[in-house]
Amino acid sequence: MANKIKQYGFKSNRPKVYLIATPIGNLQEMTPRAIDVIKNNVQKIYCEDTRNTLKLLNYFNLKKKLVSLNKENEIERFTEMINDLTANLSIAIIGDAGYPLISDPGYYAVHKILAEYPYDVVPISGANAALNAIVSSGLNPKHFLFFGFLDKTKTKKTNELAQIAQLPYPVIFYEAPHRLLETLKLIFTVLGDRQIAVVKELTKIYEQWYRGSCQEVLTFLAEE
């Protein structure tokens, strides 16, 4: 029981699951610590898209075995992870951009490992789109809610927005580019003409910001 309550992370000799943040746009956001952990501490990487991760590893001259991890195969991959850890291998979970588990696969495995197994879970810091967005939005970041992706269906999306309509602080959403205008129209309808900020291509050369009332931003984007 003690192993499940207290964890030393780097000080213990147990196999570890490293949750490694990756760049959200600019590859230089990859931290020296993340590179070192991948190079020296990890034997296998479970990643959202092996092609994207391979490009990242090649950029930093790193070579590791890659295994795909997505919402369709997460339960199946969990068994493989436990086999690795039982064999005294440390593994990493990473997403395509930013932190794993945040709107990305990995929660099922991490939850089960912490609840049922004596292995350590260690976060490796890095870039995060939500935090970049809130501190540069012009909105008060003292308190905020990270929501992530709204449901894709209009009815469920409307209900989700209605549930947070009375919150007195900013809410951070992720949205796909092809659904942005539709979602902003729904936000305007459900939440009213409040101040918002929209950012595209964070940390990339074509990073773009739109700030103003919901109606102003919606009108501007619709005309682009």
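1. Cys-47 is buried, at 0% relative accessibility. Buried here is under 20% relative accessible area, exposed over 50%, partly exposed in between (1.4 Å probe, protein chains only). Cys-214 also counts as buried, at 0%. The disulfide count is zero, where a disulfide is a pair of cysteine sulfur atoms within 2.5 Å.

2. On the source: this is a predicted model, in which local features need pLDDT of at least 70, side-chain atom pairs count only at pLDDT 80 or more, and totals for chains, interfaces and linings use all residues. Residues are numbered from 1 along each chain as its sequence is written, and side-chain values use heavy atoms, without hydrogens or water.

3. The assignment gives domain 1 (16–124) and domain 2 (129–223). Such bounds come from an automatic or database domain assignment. The domain centres, taken over C-alpha atoms, lie 29 Å apart. Six residues of domain 1 and nine residues of domain 2 make the contact, meaning heavy atoms within 4.5 Å.

4. Domain 1 and domain 2 bury about 520 Å² between them, with 61% from carbon and sulfur atoms. Buried area is the accessible area (1.4 Å probe) that two parts lose on being put together, summed over both. On the domain 1 side, Ile-24, Ile-102 and Ser-103 lose the most, together 71% of what that side buries.

5. Across this interface, three residue pairs are in polar contact (both at pLDDT 80 or more). That term means a pair of N or O atoms within 3.5 Å; within protein, one must be able to donate a hydrogen and the other to accept it, and residues adjacent in sequence count only if both atoms are side-chain atoms.
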